[in-house]
Amino acid sequence: MGRGTIGDIMETMSLAVARRTALAAQGFADPRPASQPTRRHLQRVLSRVQLIQLDSVNVAVRAHYAPLFSRLGAYDAALIDEAAWTHTAKRPRMLVEYWAHEASLLPVQDWPLLRSGAKRQGWWRNYSSLVDKSPALIDDILAVVKELGPIGAGGIERELGAEGRGPGAWWDRSEVKKVCEWLFGMGQLTTGTRRSFERLYDLTERVMPPEVLSRKVSPEEGARELITRSAVALGVATETDLRDYYRLGPGETKQAVRELVETGVLEPVSVRDWKAQAYRHVQAKTPRSITGRALLCPFDPLIWERARTERLFGFRYRIEIYVPEPQRVHGYYVFPFLLDGELVARVDLKSDRSASVLRVQGAFAEPDADNARVAMELAAELKLMAAWLGLDGVQVGERGDLAKPLRKLTR
């Protein structure tokens, strides 16, 4: 297959080949470590997925811990905590928080790409009118953070004598919290550390290495680099898939894709049953088979883009957190189950810490799944997850066709 234009003769990939390529890109062709995972293993996962989404929901486990468990098995959660929120001379900070896919942890070196202008300002731009009205508030907040940071928004409010106008929830934030979010979005503040998942703000210049902060990247270069990272993480993807990974705009993405095709970084391919043009990263690998198992949290990068998940796996997945309970099909916080390269089941999970059990509130096999084998492998992974979370066991409820066999296997 030649390089240069999409009009060249293209390779046609079967869906099975595309699926294995995508799974390998996400790290699911890598064996889990035989010993306790280390910082080197974390780095290997990051070289695959590129970034890890943050989310405040803590029903089973916080979202940023789960993708590492899916790929590494049981590991010490301090591994990612230290990489993201501590810094020493021997162990410099690996990760920084910023808006990427959504709120995310990403390699420190990628900060200039997100700040290049390739990614447009997000929802925090809606606070610009408040900032324009209250420029002194910016100076006051920055002064408090400079003196006392890392510090939470509530602490800043107290220092400024500002009680806010509401309970501090996302739909009724005080002006101080809104300006903190704006300063975070604009890159003047970042997360110095977290305390019980509360973001403690610090000046970006005190958190980021000077050589990273001083690096200037044009919007065009930023878009090319981010789409390249998307392609590495996805293996084979449509333009829409590539765009969604870092939530870039369509214009920036299309231009970057054209340029990356011209330079040979992306290869246009046709995937059977996909209507849209696809692109494969030139270094993407396609193993002969994918083996192993993994529970995928709703915010795992393999399944972020629901239309892509359905195209790749024939697996229709929707997060039902915001669906009224009577209308939920599978449950509140549902983990798809990956087995030997296929999504074969889904389980609604909750960590009941008071009872010290991992509750399986619903367990459902996919059509044509080998229910006996799926139940056996899923039971083993649930037991591993419960132990990793420090829980004493697994308790299975009544909902779903896998509930009965799972109960027998987890007693």
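**Entry 1: a bridge across the chain**

I noted what a salt bridge needs here: a side-chain nitrogen of Lys or Arg within 4 Å of a carboxyl oxygen of Asp or Glu. Helices (H or I, at least four residues) and strands (E, at least two) are DSSP runs, numbered from the N terminus.

I wrote down the ground rules next. This is a predicted model, in which local features need pLDDT of at least 70 and side-chain atom pairs count only at pLDDT 80 or more, while totals for chains, interfaces and linings use all residues. Residues are numbered from 1 along each chain as its sequence is written, and side-chain values use heavy atoms, with hydrogens and water left out.

Is E381 buried or exposed? E381 counts as buried, at 0% relative accessibility. R32 is partly exposed, with a relative accessible area of 27%. My cut-offs: buried is under 20% relative accessible area, exposed is over 50%, and partly exposed lies in between (1.4 Å probe, protein chains only).

How many salt bridges does the structure hold? I read off 29. One of them joins the side chains of E342 and R19, at 3.4 Å from N to O. This pair also links distant parts of the chain: E342 is in strand β12 (residues 342–352), R19 is in helix α1 (residues 15–25), and they are 323 residues apart. E342 is partly exposed, with a relative accessible area of 33%. R19 counts as buried, at 12% relative accessibility.

An α-helix has 3.6 residues a turn, so residues three or four places apart point the same way. E239 is buried, with a relative accessible area of 13%.

**Entry 2: helix α17**

I turned to helix α17 (residues 403–410), where A403, L406 and T410 are buried. They lie on the same side of α17, because they cover an arc of only 65° around the axis. The arc is that of the directions from the helix axis to the C-beta atoms. K404 and K408 are exposed on the other side of α17. What covers the buried residues of α17? The cover includes β13 (357–365), α16 and β14 (393–399).

In helix α4 (residues 78–85), I found L79, I80, A83, A84 and W85 buried. Among the elements covering them are α2 (39–49), α3 (66–72) and β5 (189–195).

I also looked at H41, which is found in helix α2. H41 is buried, with a relative accessible area of 7%. Leaving aside neighbours within four places in sequence, H41 is in contact (heavy atoms within 4.5 Å) with P33, Q36 and L72.

**Entry 3: domains**

Last, I looked up the domain assignment. It gives domain 1 (12–79 + 217–281), domain 2 (127–161 + 172–213) and domain 3 (318–410). Such bounds come from an automatic or database domain assignment. The centres of domain 1 and domain 2, taken over C-alpha atoms, are 31 Å apart.
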